[in-house]
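Please keep the structure open beside the text while reading.

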Amino acid sequence: MRKNGALLVSIVAAAIFFTSNAIAGKVEVLHWWTSGGEAAAVQELQKMLEKEGHDWQDFAVAGGGGSAAMTTLKSRAVSGNPPTAAQVKGPQIQEWAELGVLTSLDSVAKAEGWDNSVPGVVARVMKYEGSWVAVPVNVHRVNWMWMNKAVFADNNLSYPKTWDDFFAAMETLKKTGITPIAWGGQDWQEATVWEIVVAGVGGNDFYQKALVQADIDALKSDTMVECFEVMKKMKQYTDASAPGRDWNLATGMVIKGESAVQFMGDWAKGEFTAAGKTPGVDYDAVPAPGTDDAFLFNVDSFIMFDVKDKEAKKAQSAMARLILSPEFQTVFNLNKGSIPVRSGVAAKPFDAVAVASMKDFADTAKSGGLMPSMAHEMAVSPAVRGAMFDVVTNFYNSNMSAAEAAKKLVAAVEEAGM
Ligand code: BGC
């Protein structure tokens, strides 16, 4: 692993150093926001930049969770043609910064007072050796359960609070002929559900140990076996077309009432919003069973590549400034389903789900329930995360027993961590 990393470092650094071909005033922005809600949200940034006279060149790489976008970013960087800005998050920010290819955002951070408005837990991820090298956009909460209100009401079901209630409700719904759980069969979506179950079944301390510290005793514990069992139990309530399904299509199933629930981060809310749906009327979202006091956070962010062109540099700093402006934080997050990442943004225009999220974010920051999402690159290293993804998806899509999955998890994590 280390050797490959070092090789990539030198190839990328050399390539970017020798060819920097940014065009004046133009920002080419690589991101993976292509669903209805995501596109509506990112277009707000484009509009604001264009209003200030900059040119926006959109480089969207479809694929939920962003792994296709990250592959494209690496190959563009290696060929000496990085975009001006790219959606990159978590530990990968540090990896890019280590290459010495990023623009420092310190002057805009200083002028805008980011150190006072961005929470320390987020700022630490955005900085490299004390310098701002990324700008955070939002805070997503991962551990939500999205529900079609009418489907529950028509079947006299209340929203499940425990996993037992949950499976009892799914059993009732299955008999009605609908697909109770809207499932997107892609590794990152399966890992998203798994981490929600790990928090819900194991509790906060267990989640911290297993998915943040990758603690071997936690990974091989009976609790972990139980988590795998609960996850697998869901499969009987999903449909045959689940494999490969995109997350937003799964959300669409809940929106249309073809399914009752989806476990997904609150980018799903962006889809409900884009479809003109209102929380409390058409749908509801509550923390997944057992996760009321947990907030699995996922922060999106952008890095900027070092460009020589003065106009392009100006456009980069405008983009960074706009992203953390209260105006953008409001309009973007209203469309995206997330909450503002900076302080000082009015809660007023946000709906009940976002307001609950804001309150839980503040409360869990004090209680210790504010925990980084493994599936969304906030917790373990990319190698350990990849190892976890492989085991979870192989387990879910085969006849592997839960006990065997826990064993495989330990082996894979140990190997990746070396
Ligand atoms: C990102 C979200 C995005 C989602 C689906 C997550 O990892 O943080 O911004 O909407 O993936 O693509």
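Predicted model: local features only at pLDDT ≥ 70, side-chain atom pairs only at ≥ 80, totals over all residues.

T179 has a relative accessible area of 19% and is therefore buried, since the cut-off for that class is under 20%.

**T179 and its surroundings**

- T179 sits in the loop that runs between α9 and α10, the latter spanning residues 187-202.
- Once residues up to four places away in sequence are set aside, T179 touches Y237, T238, D239, M253, E258, S259 and A260.
- One of these partners, M253, is itself among the buried residues of α14.

- Of the nine residues of α14, seven are buried, so the helix is largely enclosed by the rest of the structure.
- Those buried residues are W247, A250, T251, G252, M253, V254 and I255, and what covers them includes α2 (36-51), β8 (144-148), α10, β9 (261-263) and α15.
- Helix α14 (residues 247-255) packs against helix α15 (residues 267-274) at an angle of about 55 degrees, with the two axes 10 Å apart, which makes α14 oblique to α15.
- The crossing of α14 and α15 is right-handed.
- On the α14 side the meeting residues are W247, N248, T251, V254 and I255, and on the α15 side they are W267, A268, E271 and F272; by class, this contact has six nonpolar, two polar and one charged residues.
- After α14 comes G257, which has a positive phi near 80 degrees.

**Helix α10 and its two partners**

- The axes of α10 and helix α13 (residues 222-233) come within 9 Å and cross at roughly 125 degrees, and the two helices are therefore oblique to each other.
- The crossing in which α10 passes α13 is right-handed.
- From α10, the residues E190, W194, V197, V198, V201 and G202 make this contact, and from α13 they are T223, M224, E226, C227, F228, V230 and M231; as classes, the contact of α10 with α13 divides into nine nonpolar, two polar and two charged residues.
- The axes of α10 and α19 also come within 9 Å, here crossing at roughly 90 degrees, and that makes α10 roughly perpendicular to α19.
- In this second contact, D187, W188, E190, A191 and W194 of α10 meet M388, F389, V392, T393 and Y396 of α19, and the residues of the contact of α10 with α19 divide into seven nonpolar, one polar and two charged.

**The nonpolar cores**

- The largest nonpolar core has 79 residues, and those that touch the most other members are F166, W194, M224, F228, M234, M374 and M388.
- Leaving aside neighbours within four places in sequence, M224 is in contact with W194, V198, F206, A210, A218, L219, A406 and L409.
- Another core, of 64 residues, lies apart from the largest one and has A109, V118, V299 and M304 among its members.

**V135 in strand β6**

- V135 belongs to strand β6 (residues 134-136), and at 0% relative accessibility V135 counts as buried.
- In sequence V135 and I303 are 168 residues apart, whereas in space their C-alpha atoms are 6.7 Å apart.

**Two loop residues with positive phi**

- N156 is a residue other than glycine with a positive phi, near 55 degrees, and N156 is found in the loop between α8 (149-154) and α9 (163-175).
- Is N156 buried or exposed? At 75% relative accessibility, N156 counts as exposed.
- E377, likewise not a glycine, has a positive phi near 65 degrees and lies in the loop between β13 (370-372) and α19 (382-396).
- At 6% relative accessibility, E377 counts as buried.

How values were computed: Residues numbered from 1 in each chain as written. Heavy atoms only, no water. Axes fitted to C-alpha atoms, helices over the stretch in contact; angles between N-to-C directions. Helix = DSSP H or I, 4+ residues; strand = E, 2+ residues; numbered from the N terminus. Parallel < 35°, antiparallel > 145°, perpendicular 65-115°, else oblique. Left-handed = near helix turned anticlockwise from the far one by under 90°. Contact = heavy atoms within 4.5 Å. Nonpolar A, V, L, I, M, F, W, Y, C, P; charged D, E, K, R; others polar. Core = buried A, V, L, I, M, F, W, Y, C linked by side-chain atoms within 4.5 Å. Buried < 20%, exposed > 50% of the residue type's maximum accessible area, 1.4 Å probe, protein only.
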